[in-house]
Amino acid sequence: MLKSKINTLIKFSSLAGCFFLASCLSLSGCSGKGLKLVHSTAMTDGNAYVGVMTSENEGIVAGEKGLVLCSEDGGQTWAKDKIIAPFIAGMYVVNENVIYMNGDTRVFMKTTDGGKTKEILPKTSFAIGKGVNMLDENVGWVWGKESVLGGLYEYDDTKKEFVKIPLPEGSSYCESALVLGRGKGLMLDVKGRLFETSDYGKNWTKNGEMFTEENIKPIVKNLLTMNSIWQDDSGIRLAYLGKKEGTEYHFVMKLSTDGGKTFTNEFDYVLKKEPKSFTVNQRNEICVMNQDTTMDVYQY
């Protein structure tokens with residue numbers, strides 16, 4: 001009888017271990033790493049497409065039809081602001097107060113009080129802004145959606161000037177970028193190729209292919225942010241949203257510890273909701289806008 005119970009226990013433990021292993025492989029490549037959901041907001045608005053929580057209580061959401069919403073209670077309620085642009089697609093958080101945004105009709109703007117007021121900046125050279133990445137409060141890179149009129153520019157807010165950064169030969173579309181200094185940074189194109197320049201795009205070096213996960217199709221050429229490059233204490237991070245078998249939405253994270261020259265796979269996390277976009281805040285939290293108009297905040 002005792003031997004039978006022991007055998008049953010061993011079988012149960014083995015099954016449990018297999019189940020845990022399968023779950024681990026599904027959610028994070030069994031690396032022991034992944035995303036941890038730390039906060040979810042209430043529903044925002046059907047026109048909301050991008051958003052970020054700048055603190056535990058304060059957040060900002062934007063989208064089409066001039067929508068800009070602000071929250072001061074952790075995203076449980078959202079107050080509407082005046083119409084500024086037909087569509088806001090790109091958003092970058094410098095700190096809790098300073099946020100840059102760009103979007104349709106060449107609109108480029110910043111807020112220095114967490115979203116309560118906005119300053120309209122000089123219009124971009126591209127009709128539809130797709131993304132912003134700032135080196136500090138005044139200098140950064142901005143890019144647009146169009147392959148012909150889009151491209152990549154460095155912006156200096158002290159001079160209110162743009163400097164065009166030509167893309168690498170064979171790349172006509174900037175998916176995301178990371179500015180590392182004046183005229184220096186990384187650029188990801190639609191094929192997942194990561195390039196580096198240190199001379200305002202006069203010369204580019206290819207650092208590798210990023211879209212390498214098997215059976216995961218990256219979401220590219222989207223108006224919204226589906227991939228991003230940023231820095232934290234560990235190094236340079238690169239993440240992208242992808243689909244598997246047409247139904248599962250994956251958040252794939254990579255890490256470079258050599259300044260963006262090479263990357264290792266950190267994890268592949270299956271999101272529980274269908275995402276619209278994601279924004280990385282100043283605390284390196286992942287803020288995912290969902291199709292159901294809620295926003296989920298993750299730590300990694």
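What percentage of the 300 residues of the chain count as buried?

Reply: Happy to take you through it. The answer is 52%, with buried meaning under 20% relative accessible area, exposed over 50%, and partly exposed in between (1.4 Å probe, protein chains only). Please keep in mind that this is a predicted model, where local features need pLDDT of at least 70 and side-chain atom pairs pLDDT 80 or more, while totals for chains, interfaces and linings use all residues. Residues are numbered from 1 along each chain as its sequence is written, and side-chain values use heavy atoms, without hydrogens or water.

On a 1 Å grid over the protein atoms alone, a cavity is a set of points where a 1.4 Å probe fits but cannot get out; a pocket is an open set with protein on both sides within 12 Å along at least five of seven lines, and lining residues have an atom within 4 Å of a point. Points join across faces, edges and corners, and a volume is the space filled by probe spheres set on them.

The largest pocket holds about 290 Å³. Its lining has 17 residues, and Y92, M134, W230, Q231 and N284 are the closest to the pocket centre. At least two lining residues come from each of β6, β10 (129–134), β14 (174–181) and β19 (227–232). By class, the lining of this pocket has 11 nonpolar, five polar and one charged residues; here Ala, Val, Leu, Ile, Met, Phe, Trp, Tyr, Cys and Pro are nonpolar, Asp, Glu, Lys and Arg charged, and the others, Gly among them, polar.

The chain also has one cavity of 30 Å³ or more, and the space in this largest cavity is about 210 Å³. Nineteen residues line the largest cavity, with M91, V132, W143, T225 and S228 the closest to its centre. Two or more lining residues are given by each of β6, β10, β14, β19 and β23 (275–280). The cavity lining divides into nine nonpolar, eight polar and two charged residues.

The second largest pocket takes up about 150 Å³. Its lining consists of E58, G59, C70, S71, E72, A79, K80, D81, G114, G115, K116 and K118. Strands β4 (68–71) and β5 (79–80) each give two or more residues to that lining. Six of the lining residues are charged, four polar and two nonpolar.

At the β9 end, two bridges join β9 to the antiparallel strand β8 (residues 108–111), and E119 in β9 is the bridge partner of K110.

One last stop is the loop between β18 (216–218) and β19, where K221 lies. K221 has a phi near 55 degrees, a positive value in a residue other than glycine, and counts as exposed at 54% relative accessibility. K160, in the loop between β12 (152–156) and β13 (161–165), likewise has a positive phi near 55 degrees, but K160 is partly exposed, at 35% relative accessible area.

Note on methods:
Pairing = 2+ DSSP bridges. Helix = DSSP H or I, 4+ residues; strand = E, 2+ residues; numbered from the N terminus.
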